[in-house]
Amino acid sequence: MSATAIELLPVPSSSIAEIPSLVAGLRTTFDSGRTRPLSWRRTQLEALLRFVKENGDALVAALQADLGKPELEAWAADIGQVTTEAKLALKNLKKWTRPESAGAVPLMGKSFIMREPLGVVLIIAPWNYPIGLLLSPLVGAIAAGNTVVLKPSEVTAHTSAILAERLPDYLDTDAIALVEGGVPETSALLEQRFDHIMYTGNGSVAKVIMEAAAKNLTPITLELGGKSPCIVDRTADLAVAARRIAWGKFMNAGQTCIAPDYILVEESIEEELIAELEKSVEEFYSGETQENPDYTRIVNSRHHERISQLMEGQEIAFGGATRAEDCYIEPTVLRNVSPDSPIMQSEIFGPVLPVLRVKDVDEAIGFVNQGEKPLALYLFSADASTEERVLSSTSSGGVTVNGTIMHLANAKMPFGGVGPSGMGAYHGKHSFETFSHRKSVLRRGFRFDIKMMYPPYTKRRTEMAKKML
Ligand code: NAD
């Protein structure tokens with residue numbers, strides 16, 4: 001299959017009527033204690049790795065049919081998330097689950113923190129990295145010993161179908177279920193009581209999730225998006241900066257939650273940066289993206305139309321071609337973009353990169369701080385004091401200095417947003433923690449029993465207590 005052959009499938013769906021009994025079944029499994037032993041968790045994580053290994057080609061084909069995703073990006077940025085996370089969890093499971101000493105409490109006893117599974121969790125994923133964003137949270141949920149409902153995005157229907165068809169052959173289906181579908185199926189799921197919900201997607205739907213979760217006081221993790229700025233100052237190596245920005249932006253045709261959304265560049269270097277961006281795009285794709293298997297399509301005609309409309313009336317520095325039949329939009333850079341234009345009002349989520357001129361980095365900081373806290377922020381500067389100033393005077397989910405995207409690749413760091421870009425975080429041990437309850441335990445012995453703690457609270461006992469504080 002050609003990497004650019006997007007095929008549309010009807011929206012997949014599971015039976016809504018069966019959802020209550022499905023969730024009840026997962027609760028029965030959880031209550032039975034079956035998912036608690038480390039041996040069960042290990043078996044499931046190993047099975048997940050086997051699933052990826054044995055079905056890799058089919059998964060790549062599904063991603064290509066849904067998004068025209070290049071094979072390398074399918075592996076490195078999507079499927080690879082699952083294997084990296086699963087291997088890390090398998091290696092560290094014993095360490096993560098070991099009770100953590102919290103020291104001794106004088107005259108009381110020893111205390112420790114115990115990780116326990118939360119129960120039945122729901123993981124709702126979007127379409128842009130439809131395997132990684134569904135199955136890498138699953139790793140954390142399994143590692144923590146939960147039962148799970150997976151809800152893949154209906155937008156990437158081929159990927160949803162292959163996951164629904166083949167995952168049950170590998171995983172414990174009494175503990176891990178997959179529900180296909182769109183709004184009706186997700187709404188039916190949200191009527192059930194879960195012990196945790198993890199949602200990755202846009203901020204409007206996040207409010208629906210939060211409202212539904214509130215009815216049962218269910219804790220949630222929200223992995224959202226926003227307009228991630230990219231600041232470039234005059235000390236930056238512009239050729240390297242442009243290459244790294246173009247890579248982060250045009251990978252997956254800009255449909256990446258932490259893609260640089262727009263550039264704030266010091267005016268003296270604007271033209272040189274734009275020229276370097278053009279050179280990078282030329283080098284990446286040899287000047288041809290329409291039939292190029294290394295370049296992804298826009299996921300569907302609705303998004304194609306939305307992004308095309310955002311380009312209307314803008315000054316195009318390079319790029320700008322669109323083709324509705326196969327949801328193609330050329331890597332595009334815009335110049336002289338007004339902060340008030342529609343493209344600057346919401347996350348672009350496509351291969352269009354506005355460049356806005358600023359006098360200096362302080363103006364860029366002011367601009368960023370006027371907007372909502374983004375999921376990622378990028379700074380290109382060789383000046384340490386500028387880096388310090390930007391890091392300490394802006395807030396974002398994460399930052400890569402002199403690069404884009406890559407802060408996400410270190411599983412030792414929590415990945416998540418702040419404010420409107422998200423709530424909670426995951427990756428590596430942080431995923432395990434997200435799906436665990438940290439239970440504080442104090443263990444006392446029977447031998448020492450301090451009588452002065454108990455009533456009657458005589459004057460003498462009160463005085464002694466006051467002296468001890
Ligand atoms: P989407 O349309 O696939 O929706 C995500 C999920 O929400 C799907 O499973 C869908 O079925 C469900 N859903 C949609 N409408 C719903 C409703 N009314 N009620 C209940 N469930 C509903 O994906 P999307 O939202 O278009 O994803 C793109 C957004 O996700 C962007 O804003 C992007 O920045 C963000 N994102 C964030 C991350 C992250 O890690 N922070 C990763 C990827 C994408």
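How far apart do the C-alpha centres of domain 1 and domain 2 lie? In this predicted model, the domain assignment divides the protein chain into domain 1, made up of residues 16-224 together with 419-442, and domain 2, which spans residues 229-409, and the C-alpha centres of the two lie 31 Å apart. To the contact between them, domain 1 contributes 15 residues and domain 2 contributes 19 residues. About 1,500 Å² of area is buried between domain 1 and domain 2, with carbon and sulfur atoms giving 56% of this area. Between the two domains, the count of salt bridges is zero, whereas nine residue pairs are in polar contact, counting pairs in which both residues have a pLDDT of 80 or more.

An open sheet is formed by seven strands in the order 10-13-14-9-8-15-16, with mixed pairing. Strand 10 (315-318) and strand 16 (398-401) are the edge strands, each of them pairing on one side only, and neighbouring strands of the sheet are turned against each other by 25° on average when direction is ignored. Within this order, strand 8 (residues 229-232) pairs with strand 9 (residues 262-266) in the parallel sense over four bridges, and Pro 229 has Tyr 262 of strand 9 as its bridge partner.

Two helices contact these strands. Helix 11 (residues 361-370) packs on the sheet, where it touches strand 8, strand 9, strand 14 (352-358) and strand 15 (376-380), and its direction makes about 155° with that of strand 9. Helix 12 (residues 384-393), in turn, lies across strand 8, strand 15 and strand 16, and runs at about 165° to strand 15.

Methods. Residues numbered from 1 in each chain as written. Predicted model: local features only at pLDDT ≥ 70, side-chain atom pairs only at ≥ 80, totals over all residues. Heavy atoms only, no water. Pairing = 2+ DSSP bridges. Axes fitted to C-alpha atoms, helices over the stretch in contact; angles between N-to-C directions. Contact = heavy atoms within 4.5 Å. Domains from an automatic or database assignment. Buried area = accessible area lost by both parts, 1.4 Å probe. Salt bridge = Lys/Arg side-chain N within 4 Å of Asp/Glu carboxyl O. Polar contact = N/O pair within 3.5 Å; in protein donor to acceptor, adjacent residues only side chain to side chain.
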